[in-house]
Structures are given as structure tokens and as C-alpha cells.
Amino acid sequence: MDWQGQKLAEQLMQILLLAFAVVAFATGYISGSFQMMVLIYAVGVVLTTLVTVPNWPFFNRHPLKWLDPSEAEKHPKPQEAVSAKKKPAKNSSTPTQEAS
Amino acid sequence: MHSLGFRVNALLTLGVTVLALMCVIASLSDNLSVPSPSANVQVLNFNWFQKQSEGNEEVSLTFKIAADLQSMFTWNTKQVFVFLAAEYETPKNSLNQVSLWDGIIPSKEHAKFLIHTTNKYRFVDQGSNLRGKEFNLTLHWHVMPKTGKMFADKIAMTGYRMPKEYR
């Protein structure tokens, strides 16, 4: 599952569960049956499980494009200075920051 | 959301939380209905009225309960426990309660009833205060919900009087 797929899965799960909860409560309250509410919600949970838990193909439509290994070898990873280990932040190359 | 196990965990956690929330709202929805129960008890006969060897008085009576408790049942009601108590005042205690009869009403269909019975539990006074005593018959009930808060209330019926002599 790719990044976009993970976001989609989480949102789908939340929306589906809440929607089923609202429908279940409304139906149960109007028909005066607590059992109906629990039943509809149980069906909703099962359906949501089927939709969001397995790794369906539609969660994998935005695959990450990694660089070709040969391309990576042309730009070798810079060797980090020993003193820079404490702050592996984005601007770790700034000398003033390293001094602190 | 990156693995199957994580997704199952997230789904179950949210699922149970939402279910709990639904139960809370269901319990709160009970406050919307205002029950209007009615009850009437008629004492038909005092079968016997004696003093026990220990000095306590005991009475046996036959009565008829007509009650309509249907309005107590909402969609969140599991059952209603109901009991009839004789309540009277003595010099020693300002309130004496003796349970005479009880019952469990499992559904709305059984909530309108007419029962003709003698006292299910013994009516014994702690002492000998009952002769000619005026007493109340109070129908108490506890509404037991499927989820949430339990409600209790009562209807007091006044103007009953014990026989003046043992029989």
C-alpha cells in the first residue's frame, strides 16, 4: 500500500464507520429496536473491514518512483562529519550550527 | 495504515469507540420519553391477622393489582422490576417498608396486567403496631435499560387500614 493508499484507507475507514453508525442509530431509534441498531452497525463494521483492511489494488495507484541504482551510484552519499552526528537536521552543513 | 495488522487495530479501535458512543446516546435518548404509568391496588381481604409467639404481628392479605406500565418501555429498555410495598409509620420508625409482592416485566406486551394474589412475602411487623394502623401501598419500579442509566420511581396509594382485632 502506497502513501496515498494509506491516507485513503484511513479516511474511508473513518467515514464508513461513522456513516454506518448514524444510519444504524437512526434506523434503530425510529423502528424502536436496539437489536436493529447493533445489527446494522455490525454489518457496517464487517463491510468496512472488507473495504479497508486488505491491500486492494486501488490503494496502490501512486507507487513511489525510486531512482535507478546506476543513477544513485553517480551521486554518492556525502560522508557525514563526526561532529554533525548530533544534529542530523536539514541545515546541518551550516558551520554556525555545528559550532553550537 | 502501513500494514494489515495496523489497519485491523485502527478499525477495531474506532469501531468500538463509535459503538460506545452510540450506547451513550441511546441511554441519553431515554430522557426524551416521559412515562405516565398508572396503578391501582385494591385490598380484597385480610385473611388472617395474628401475633407470633415472639410478639411480632403478622398479617396475610389478598389484593388485586391493576397497573399499566407500558409507557415505561422505550427502545432501550431491557426489563422492568416492580414491587409492591406496604409502608407505614410507627413510633419507633418514621418509615417501615414491607415488600408484599414483586415481579419482572420482560416486555411491553406484559406491562399492562391485572394480578389477583395473596402476599408473596410475609407481612410481619417488628413489634405490635399494626392493629387499626393506616398504611400505604406503594408500587415501586426500576427500569433496567439495555445500556446506560437505570431509572427508579414509585406510585404511592394511600388510605388502607388494618383490622382492629386479630383474626
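1. UniProt positions are given here in the numbering used for this structure, feature names are shortened, and annotations may be inferred rather than shown by experiment. With that understood, the unreviewed UniProt entry places the feature "signal peptide" at residues 1-26 of chain B. The model discussed in this note is predicted.

2. Over that stretch, residues 1-26 of chain B, the chain is 88% helix and 0% strand.

3. The interface between the chains involves 22 residues of chain A, in contact with 18 residues of chain B. On the chain A side, α1 (3-31) and α2 (34-52) each supply at least two of the residues that touch chain B. The most comes from α1(A), with 11 residues. By class, the residues on the side of chain A that touches chain B comprise 13 nonpolar, 8 polar and 1 charged.

4. Two packed helices are described by the angle between their axes and the distance between the axes. For α1(A) and α2(A), the angle is about 165° and the axes are 8 Å apart. Because angles over 145 degrees count as roughly antiparallel, α1(A) is roughly antiparallel to α2(A). The crossing of α1(A) and α2(A) is right-handed.

5. Which classes of residue make up the contact of α1(A) with α2(A)? This contact has 16 nonpolar and 6 polar residues, and no charged residues.

Key:
Residues are numbered from 1 along each chain as its sequence is written. Chains are lettered from A and ligands numbered from 1 in the order in which they are written. This is a predicted model: local features need pLDDT of at least 70, side-chain atom pairs count only at pLDDT 80 or more; totals for chains, interfaces and linings use all residues. Two residues are in contact if their C-beta atoms, placed from the backbone, lie within 7 Å. Helices (H or I, at least four residues) and strands (E, at least two) are DSSP runs, numbered from the N terminus. Ala, Val, Leu, Ile, Met, Phe, Trp, Tyr, Cys and Pro count as nonpolar, Asp, Glu, Lys and Arg as charged, and the others, Gly among them, as polar. Axes are lines fitted to C-alpha atoms, for helices over the stretch in contact, and angles run from 0 to 180 degrees between N-to-C directions. Angles under 35 degrees count as roughly parallel, over 145 as roughly antiparallel, 65 to 115 as roughly perpendicular and the rest as oblique. A crossing is left-handed if the near helix is turned anticlockwise from the far one by less than a right angle, and right-handed if clockwise.
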